[in-house]
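Reader: I would like to go through a model with you, a few local features at a time. Could you put it up first?

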Amino acid sequence: MDIPALKRRFQAQGYLLLPGILSEEKVRRLNEAVDAVLAEEEESLSYNIYNSVQRHPEFLSLIDEPTMLPLIVNLLGYNIQLHISHLTVRKPNPNLEKTATNSFIDWHQDGPHPQFPKIDGLTSTYYIKACYILSDMSKPDRGNTKVIPGSHVKPYNPNQKDVRVHLDDEVQLCGHPGDVFVFAQNLWHAGAPNTSEYTRRQLFMGYSPIWMRPIDYHEASEKLLEGADPIRRQLLGRISDNKFKYYVPEESMVPLKSMYLGE
């Protein structure tokens, strides 16, 4: 990857679409893992599986995916952790039925409530997500993620938030199994309805500064930490018993620094 060029594009547009990141074999294994996890869930048109790294080791393997991790480090910095792991599956829903697990999601910026503070109408980038596409999302209206390019760096609010209404600036992110897109939490985005005959499968891995409380858990479980090398331990939020070190870590606590190219 030309990381400096990708970083400039990300800063301007708020997202990146990267083709062919995962091998066919890796996609196959991940889809087998999705099948196994869904077999444990009640039948639904839509699934949202949070803390998915806890559910299957194939999902856990993506947190330090070597083709993606250097890019993540250089977009967000090296003092980072896993913030969220979120598997989404959207079956065909041509009648646009609203479901308890949200078959489609209206326009929004990610973040807490109350929202992150705004300065001059802008929210800073606090975390980013990498989305691994596991099904054929090469055409629109298959439950694709929609984005408004550049909406993270200008005061923006859609005149309506219903994702079923087309916005002039919107882009549907289309890709094949093994492609990945990355976006900032302050980029306006939405989850389009799936009116096709295809099932959407997307697995999000979000990253944030290590001093921020992650969404998946208060502390990573011993199951996740078993056999973890120093990089994975950092990504799982285990760098020190001294919580002050999460703000000012020693260099040995943040091995991801070796991937950081600097400003």
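Predicted model: local features only at pLDDT ≥ 70, side-chain atom pairs only at ≥ 80, totals over all residues.

Reader: Let us begin with helices H1 and H4. At what angle do their axes cross?

Author: The axes of H1, residues 3-13, and H4, residues 69-76, cross at roughly 50 degrees and come within 10 Å.

Reader: Is the crossing of H1 and H4 left-handed or right-handed?

Author: The crossing of these two helices is right-handed.

Reader: Which residues make the contact?

Author: H1 contributes Ile3, Leu6, Lys7 and Phe10, while H4 contributes Pro70, Leu71, Asn74 and Leu75.

Reader: And how do the residues of that contact divide into nonpolar, polar and charged?

Author: Six residues in the contact of H1 with H4 are nonpolar, one is polar and one is charged.

Reader: How many residues of H4 are buried?

Author: Seven of the eight residues in H4 are buried, so the helix is mostly covered. The buried residues are Leu69, Leu71, Ile72, Val73, Asn74, Leu75 and Leu76.

Reader: What comes just after H4?

Author: Gly77 follows, and its phi is positive, at about 105 degrees.

Reader: Changing topic: where is Asn144 found?

Author: Asn144 sits in the loop between strand E7, residues 128-133, and strand E8, residues 145-147.

Reader: Is Asn144 buried or exposed?

Author: Asn144 is buried, because its relative accessibility is 0% and the cut-off for buried is under 20%.

Reader: Which backbone atoms lie 3.3 Å from a polar atom of its side chain?

Author: One is the backbone oxygen of Met137, at 3.3 Å from a polar atom of the Asn144 side chain. Another is the backbone nitrogen of Asp141, also at 3.3 Å from a polar atom of that side chain.

Reader: Leaving out residues up to four places away in sequence, what does Asn144 touch?

Author: With that exclusion, Asn144 touches Met137, Lys139, Gln172, Leu173, Cys174, Ala190, Gly191, Ala192 and Arg200.

Reader: What separates the C-alpha atoms of Pro230 and Gln109?

Author: These C-alpha atoms are separated by 32 Å, and the two residues are 121 residues apart along the chain.

Key:
Residues numbered from 1 in each chain as written. Heavy atoms only, no water. Axes fitted to C-alpha atoms, helices over the stretch in contact; angles between N-to-C directions. Helix = DSSP H or I, 4+ residues; strand = E, 2+ residues; numbered from the N terminus. Left-handed = near helix turned anticlockwise from the far one by under 90°. Contact = heavy atoms within 4.5 Å. Nonpolar A, V, L, I, M, F, W, Y, C, P; charged D, E, K, R; others polar. Buried < 20%, exposed > 50% of the residue type's maximum accessible area, 1.4 Å probe, protein only. Polar contact = N/O pair within 3.5 Å; in protein donor to acceptor, adjacent residues only side chain to side chain.
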